[in-house]
Amino acid sequence: MKTLLLLLILIPLIYTLNLNSDAEKKARELLSKMTLEEKLEMVKGHGTQPYVGMTPENKRLNIPPLNMEDGPQGVADGVHFSTCWPSALTVVSTWDVNLMYKWAAAMAQEQFKKGTNVMLGPMVNIARVPHGGRNFESFGEDPVLASAMVGPYVKGVQSQNVIANVKHFVNNNQEIDRNTVSANVDDRTQWEVYYPAFQAAIDAGVGSVMCSYNKINTTWACENEKTLGDLKNKLNLRGWVMSDWGATHSTVKAANAGLDQEMPDDKYFGKPLVEAINKGEVTKERLDDMVYRMLLPMQEIGLFDNRPTGNLSVDTRSQEHSELARILSESSHILLKNDNRFLPLNDSYQSIAVIGYAAHDKLTIAGGGSGHVIPESTVSPLDGIKKKFTSSNVQYANGNDLQSAVYLAKTSQVAIVVVEVGSSEGDDRRDLKLPNNQDTLVFAICSAQPNCVVVLHVVGSVVMPWIKLAKSVITATMPGQQAGEALANILYGDVNPSGRLPITYTQNEKDIPVNSQKQWPGVDLQSDYSEQLLVGYRWYDTNKKDPLFAFGHGLSYSDFQYINFKTERNGDNLKLKVDIKNLSPRDGHEVVQIYLGFPKDVNEPVQQLKGFVKVFVKAGETVHVEHELTPRDFSIWDVVNQKYSVVLGQYNIRIGSSSRDVRVAKAIKY
Ligand code: GLC
């Protein structure tokens with residue numbers, strides 16, 4: 001019996017190792033046949049047309065081209081005829097690792113059909129600044145949530161013979177002055193907040209990393225020996241590092257610090273690199289290492305056996321992907337407020353007013369910049385509501401004529417106000433308000449019609465001065481092309497909302513973790529990360545500030561009870577067990593979140609997310625949930641010895657439905 005068990009463990013292990021060593025062997029063999037010129041062709045960009053980044057095919061040695069295309073949430077860069085998915089921050093709001101994998105695989109499938117074999121995503125820069133112009137592309141404010149979700153994303157993409165590219169390494173956490181600012185971060189914060197999601201992507205086998213525009217502690221990211229050294233020697237990247245577009249600033253310094261490929265052109269890694277190699281300033285071994293780091297993932301991820309045949313004009317939309325986009329949007333809508341269980345609406349509401357230009361005239365369903373996906377076939381909130389509520393009289397006012405909008409709301413039985421705020425790469429929002437007098441609109445409508453539901457199409461946190469007037473508030477974040485269908489299914493009650501906040505929604509603009517000019521956007525191009533570990537909810541908790549809606553928050557149409565919470569040692573691990581009982585007559589999902597409070601004397605935040613489990617619980621039933629904390633969960637970064645080290649002592653374990661909705665807790669000694 002034991003032998004059989006051993007074989008069952010060893011065979012897959014040998015197969016995997018064999019697979020890697022096979023790829024390693026092939027990459028080495030190929031490298032040995034390449035001429036200097038052929039190697040140099042691979043470590044530089046060859047323009048931005050038709051693909052946003054390219055290296056040519058090597059016909060002599062049958063090495064495929066690299067066709068790189070944005071972005072983290074679908075085929076971008078002005079390319080038409082692909083699915084306009086919800087954004088990454090939106091899909092992270094599902095807290096569903098299986099859905100994340102499916103989404104990533106579907107996106108990569110479309111990329112592959114368009115001839116892409118390197119997809120420029122995921123983007124895992126921590127949403128440190130609530131105003132961040134690219135927060136919609138990110139995996140939120142917490143390193144554990146981002147880490148848990150980026151692994152399935154990478155595996156999903158690379159399951160389609162497309163190399164993923166985790167970006168932007170590192171500390172590209174603002175867009176203002178992004179090409180020149182220095183992010184000044186201490187080492188412990190780097191390791192405990194900003195590196196983990198990159199580590200998770202590397203652990204998932206990501207083939208490439210993109211170094212960022214900014215400086216880190218005054219040295220450009222793409223020639224930063226410390227961070228690129230950490231990336232390769234401690235985070236153990238086996239793949240290659242490409243620069244962001246135009247983020248290369250030298251030849252010898254960058255090459256020797258660890259940059260492997262200049263994108264999108266050859267200002268530094270073209271002729272200057274040839275000269276540097278001829279002078280011995282960059283060794284041939286280093287050039288071989290650059291090329292090997294590219295050939296290895298190309299072999300492992302199947303690019304040699306699956307050559308790109310499509311082109312960017314191929315229409316990759318499909319009913320299947322449209323369905324998946326709807327499911328992703330349904331699963332990521334977050335019910336923030338629902339007074340007296342006002343939602344879901346039933347058929348008794350015969351007259352429904354849909355208000356606001358964001359409901360139909362101007363859809364904000366995808367963020368801007370290189371990651372913008374063109375929404376071609378869309379379902380607006382108005383379309384979706386009309387299609388769903390067939391027995392109701394659904395009327396629309398875009399709000400330009402405030403009086404008529406108020407009249408419509410007043411004379412209807414319920415008013416659904418849809419509001420929006422977008423953002424884009426290249427700039428941060430200057431405030432957290434809704435633009436274009438939408439707050440005035442919400443105040444007017446919800447004052448006139450107490451049965452008022454506010455739906456947010458937003459790129460992140462917004463302030464809500466009218467919050468007391470709204471009976472229900474739902475955020476769809478950047479919901480993608482099926483926005484209206486997903487919203488209508490939730491409003492009608494066919495879908496029980498299960499999204500949870502991956503970022504904090506603040507009460508007001510001054511109570512945020514980066515509340516000084518020096519922290520953001522910086523003074524004299526120096527952005528000091530003086531909040532250190534206190535990013536997002538960690539700052540609110542530690543400073544005893546109340547957010548408007550907490551990290552991890554999200555209501556359901558069901559109610560869940562946490563019972564039978566137990567902990568038990570399992571070697572060096574700590575096993576947590578809890579039962580989740582659905583008290584309501586409606587099936588639903590609960591996201592069980594595990595927060596850990598460290599011993600006081602190590603200056604960690606009051607609590608931090610260490611794990612989560614999304615469970616489906618049928619009406620009236622109970623589901624058993626288990627999660628194991630490992631020694632790494634009880635460790636902090638030891639700056640002196642440059643390693644994680646376990647902290648022994650008194651811990652608080654809190655398990656609940658959000659960072660502020662703790663249902664069961666206990667103190668334990670580890
Ligand atoms: C951009 C972005 C990066 C993108 C690249 C190619 O400037 O920072 O995310 O992948 O250039 O478009």
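Close-up 1. Helix α5 (residues 143–158) lies across β3 (118–119) and β4 (163–169), at about 140 degrees to β4. The model is predicted: local features need pLDDT of at least 70, side-chain atom pairs count only at pLDDT 80 or more, and totals for chains, interfaces and linings use all residues. Residues are numbered from 1 along each chain as its sequence is written, and side-chain values use heavy atoms, with hydrogens and water left out. Helices (H or I, at least four residues) and strands (E, at least two) are DSSP runs, numbered from the N terminus. Axes are lines fitted to C-alpha atoms, for helices over the stretch in contact; angles run from 0 to 180 degrees between N-to-C directions. Helix α11 (residues 284–300) also packs on the sheet. This helix touches β2, β4 and β9, and its direction makes about 110 degrees with that of β9. Contact means heavy atoms within 4.5 Å.

**Close-up 2. Strand order in the six-stranded sheet.** The sheet is open, with mixed pairing and the order β1-β2-β3-β4-β6-β9. Its edge strands, β1 (53–55) and β9 (240–243), each pair on one side only. Two strands pair if DSSP finds at least two bridges between them. β1 and β2 (residues 66–69) run antiparallel and are joined by 3 bridges. Opposite Met54 stands Asn67 in β2.

**Close-up 3. Cys211 in strand β6.** Cys211 lies in β6 (residues 208–211). The residue is buried, with a relative accessible area of 0%. Buried means under 20% relative accessible area, exposed over 50%, and partly exposed in between (1.4 Å probe, protein chains only). Leaving out residues up to four places away in sequence, Cys211 touches Phe169, Ala221, Cys222, Leu228, Val241, Met242, Ser243, Asp244, Ala247 and Leu259. Ala247 is 36 residues from Cys211 in sequence; their C-alpha atoms are 7.7 Å apart.

**Close-up 4. Helix α4 against helix α5.** Helix α4 (residues 97–113) packs with α5 at about 35 degrees, and the axes are 7 Å apart. α4 passes α5 in a right-handed crossing. A crossing is right-handed if the near helix is turned clockwise from the far one by less than a right angle, and left-handed if anticlockwise. From α4, the contact uses Val97, Met100, Tyr101, Trp103, Ala104, Ala105, Met107 and Ala108. From α5 come Ala148, Met149, Pro152, Tyr153, Lys155, Gly156 and Val157. These contact residues divide into 13 nonpolar, 1 polar and 1 charged. Ala, Val, Leu, Ile, Met, Phe, Trp, Tyr, Cys and Pro count as nonpolar; Asp, Glu, Lys and Arg count as charged; the others, Gly among them, count as polar.

**Close-up 5. Helix α4 against helix α12.** The axes of α4 and α12 come within 11 Å and cross at roughly 145 degrees. This crossing is left-handed. Leu99, Lys102, Trp103, Ala106, Gln109 and Glu110 of α4 meet His321, Leu324, Ile327, Leu328 and Ser331 of α12. The contact residues comprise 6 nonpolar, 3 polar and 2 charged.

**Close-up 6. Arg326 in helix α12.** Arg326 lies in α12 (residues 319–332). This arginine is buried, with a relative accessible area of 15%. Its side chain makes a polar contact of 2.7 Å with that of Glu330. A polar contact is a pair of N or O atoms within 3.5 Å; within protein, one must be able to donate a hydrogen and the other to accept it, and residues adjacent in sequence count only if both atoms are side-chain atoms. Not counting residues up to four places away in sequence, Arg326 touches Gln482, Glu485, Ala486 and Asn489.

**Close-up 7. The enclosed helix α6.** In α6 (residues 187–194), 8 of the 8 residues are buried, so the helix is largely enclosed by the rest of the structure. Among them are Asp187, Arg188, Trp191 and Glu192. Asp186 caps the N-terminal end: a side-chain oxygen lies 3.2 Å from the backbone nitrogen of Arg188.

**Close-up 8. The enclosed strand β11.** In β11 (residues 351–355), 5 of the 5 residues are buried, so the strand is largely enclosed by the rest of the structure. Ser351, Ala353 and Ile355 lie on one side, and Ile352 and Val354 on the other. β11 pairs with β12 (residues 393–397) in the parallel sense over 5 bridges. Tyr396 in β12 is the bridge partner of Val354.
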